[in-house]
Amino acid sequence: MLPKLVILDRDGVINYDSPDYIKSPEEWIPIESSLQAIRLLNEQGILVGVASNQRGIGRGLYDEATLALITEKMYQTCADVGAKIDVWRYCPALERTHPDHKPNPGMLLSIMDEFNISPQDDSVYFVGDKLSDVEAAINAQCLPIMVETGYGKESSAEVLVKYPDLPIYSNLLAFVEALLKDN
């Protein structure tokens, strides 16, 4: 059975990441196959959420207004290929103890609450490229998926030590195609 909701990390999953943060709309460069993947999820009636730590705000590298411009580019770039993100959550906090800061589950739980979806009743996937994404999924009782884009290749060995059975895909499109093929 197809899930009602797939939640995605932003940087490294939907767009190319940078160790210096994505600080402007010009630096936000989509992974084209990820846009296709979002469109495929939409076509199946699967809701798409995005949950992203945005510590660059807390570090003063960019502000909320700039993040809004980056987000608008993300939405527009998706719309240009017939894709749609249903909900977006971000956490600007520097403190790893903040309930929304991944690996804490706050953003994922908020997205599920918005659509009245419970991971106990429905499969909910969270796709990320870091250990903190995997742990956020587990903490929110979602099914964790890792992709090798972004920091995925670098962090997969560390992740597999802790979670040897974790599904890892080359990119978001590979995961979505496998998900749709199996259902």
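In which loop is Asn15 found? Select Asn15: the residue is in the loop between strand 1 and helix 1, where helices (H or I, at least four residues) and strands (E, at least two) are DSSP runs numbered from the N terminus. This is a predicted model, in which local features need pLDDT of at least 70, side-chain atom pairs count only at pLDDT 80 or more, and totals for chains, interfaces and linings use all residues. Residues are numbered from 1 along each chain as its sequence is written, and side-chain values use heavy atoms, with hydrogens and water left out.

Asn15 counts as buried because its relative accessibility is 0%; buried means under 20% relative accessible area, exposed over 50%, and partly exposed in between (1.4 Å probe, protein chains only). Next, display Trp28, whose side chain is joined to that of Asn15 by a polar contact of 2.9 Å. Such a contact is a pair of N or O atoms within 3.5 Å; within protein, one must be able to donate a hydrogen and the other to accept it, and residues adjacent in sequence count only if both atoms are side-chain atoms.

Now select Arg10, which is found in the loop between strand 1 and helix 1. Arg10 has 1% relative accessibility and therefore counts as buried. Not counting residues up to four places away in sequence, Arg10 touches residues including Asn15, Trp28, Val50, Met74 and Trp88, a contact being heavy atoms within 4.5 Å.

**The largest nonpolar core**

Select Val6, Leu8, Ile14, Ile38, Val127, Leu172 and Phe175, which touch the most other members among the 31 residues of the largest nonpolar core. A nonpolar core is a set of buried Ala, Val, Leu, Ile, Met, Phe, Trp, Tyr and Cys residues joined through side-chain atoms within 4.5 Å. The elements that give two or more residues to this core include strand 1 (5–8), helix 1 (32–43) and helix 7 (172–181). Helix 7 provides the largest share of this core, five residues. Apart from this core lies another, of 17 residues, among them Ile7, Leu108, Ile117 and Val124.

Centre the view on Val127: beyond four places in sequence, its contacts include Val6, Leu8, Ile145, Leu172 and Phe175.
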